[in-house]
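Welcome, and thanks for taking a look at this chain.

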Amino acid sequence: MSGITWELLDRYLSHECGDAERELVERWLSQGRTRPLISESLSEATAAISPSRPEASRRSRRRFAWLIATPAELPRVIPFRLLKLAALAAAVGGVGILGWQGLIRRAREAPLGAGVRVAATPAGQRATFRLIDGTRVVLGVASTLRSPSRFGRSEPREVELTGEAYFEVAPGEGRPFVVRAADVVARDIGTSFLVRAYPEEPHARVVVREGAVAIRPKHAPDTASGGLVASGQVGQLDASGVLVVEEADTTADFSWLSGRLTIDHLPLRDALPQLSRWYDLDFRLADSRLGDTPLSAILGPRLTPDVLDLLARSLGMRQVRNGRTITFYPGTRTH
């Protein structure tokens, strides 16, 4: 593999590579040798979870500790590495994503020992699926949702989120639906709302579209009722752990569900992580002082050179793209 390892590919797909490692992977990808490697690995991984080989299946469950449920295959689950490989195959060309989904579908269900299912999306991609209780989930870019393989008959239906997700909660016969995310626990019965809790953001945000959601700090006892966030409102905890409820800009908050990223007067330094997740690119500032510049924009799913130039000019800046890295510089470009 000329220095290419699975660990290196995982780091590349997670944007954790250094410049030298990234150049090594991209040079390898450009050589067009990935199809046999990926096909062989898919075959090995699929065979490893065959029910006719129980010992290999047990090894596979230990090896593939992270599982992901694809939108079309829930409640079926497949090894997380297989989804990464499929995305990689589609990215380098020559293999249609539907073809790889066909291979993936032949992988049998391999539940985690703890009965936990993990759905995850890379940067630039979203997923829509249903949980085992019928709750519809739209998982945002670069997000992870952990849920049990089955909900108890008497306990709350509880999931854990990192990133962003929209929930249309199925009726639960009195069983609340609970989302744990960052510093909050959001609890509701039969409503629709979104939760946003990316690691670099100090507090989780809960925006309610229909119904109402009770929010409490994650360290509060389970018996605590929490404050109420109603339809059209957004709630989040302040630095002291007190719930702050305000009217929400629901058009902006929910625009990502229809493929648009809305940024409203946000300092550029805070907007760059959103742009990086949305477009699966690395956005940087040549001068940290540029980070104070406010950005307001409504952006689609594709970032063309013209759109990128327009975005930079709207900030009074210019941009330079080098591979997957986009750097904003002071001043507009001159022609």
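Predicted model: local features only at pLDDT ≥ 70, side-chain atom pairs only at ≥ 80, totals over all residues.

- Helix α9 spans residues 305–314, and L308, L311 and A312 are its buried residues to look for. These three sit on the same side of α9, because they cover an arc of only 95 degrees around the axis.
- Turn to the face of α9 that points away from the buried side, and you will find the exposed residues D306, L310 and S314.
- The cover over the buried residues of α9 includes helix α8 (268–279) and the strands β17 (282–285), β18 (294–299), β19 (317–322) and β20 (325–330).
- After α9 comes G316, which has a positive phi, near 70 degrees.

**Salt bridges: the overall picture**

- Side chains of opposite charge can pair when their charged atoms come close.
- The count for this model comes to twelve salt bridges.
- Some of the charged residues are joined up: E164, R196, E200, E201 and R277 are linked in a network of salt bridges.

**A buried pair: R157 and D133**

- R157 and D133 form a salt bridge, with 2.6 Å between the closest N and O atoms. R157 belongs to strand β7 (residues 157–168), while D133 lies in the loop between β4 (127–130) and β5 (136–139), so the pair ties together parts that are 24 residues apart in sequence.
- Both partners, R157 and D133, are buried.

**A partly exposed pair: E158 and R180**

- E158 and R180 also meet through their side chains in a salt bridge, at 2.6 Å from N to O. This pair links distant parts of the chain, with E158 in strand β7 and R180 in strand β8 (residues 177–181), 22 residues apart.
- E158 counts as partly exposed because its relative accessibility is 33%. R180 is partly exposed too, with a relative accessible area of 24%.

**A pair that reaches helix α8: D292 and R269**

- D292 and R269 form a salt bridge whose closest N and O atoms are 2.7 Å apart. Distant parts of the chain are linked here, as D292 is in the loop between β17 and β18 and R269 is in helix α8, 23 residues apart.
- D292 is exposed, at a relative accessible area of 53%, whereas R269 counts as partly exposed at 39% relative accessibility.

Key:
Residues numbered from 1 in each chain as written. Heavy atoms only, no water. Buried < 20%, exposed > 50% of the residue type's maximum accessible area, 1.4 Å probe, protein only. Helix = DSSP H or I, 4+ residues; strand = E, 2+ residues; numbered from the N terminus. Arc of directions from axis to C-beta. Contact = heavy atoms within 4.5 Å. Salt bridge = Lys/Arg side-chain N within 4 Å of Asp/Glu carboxyl O.
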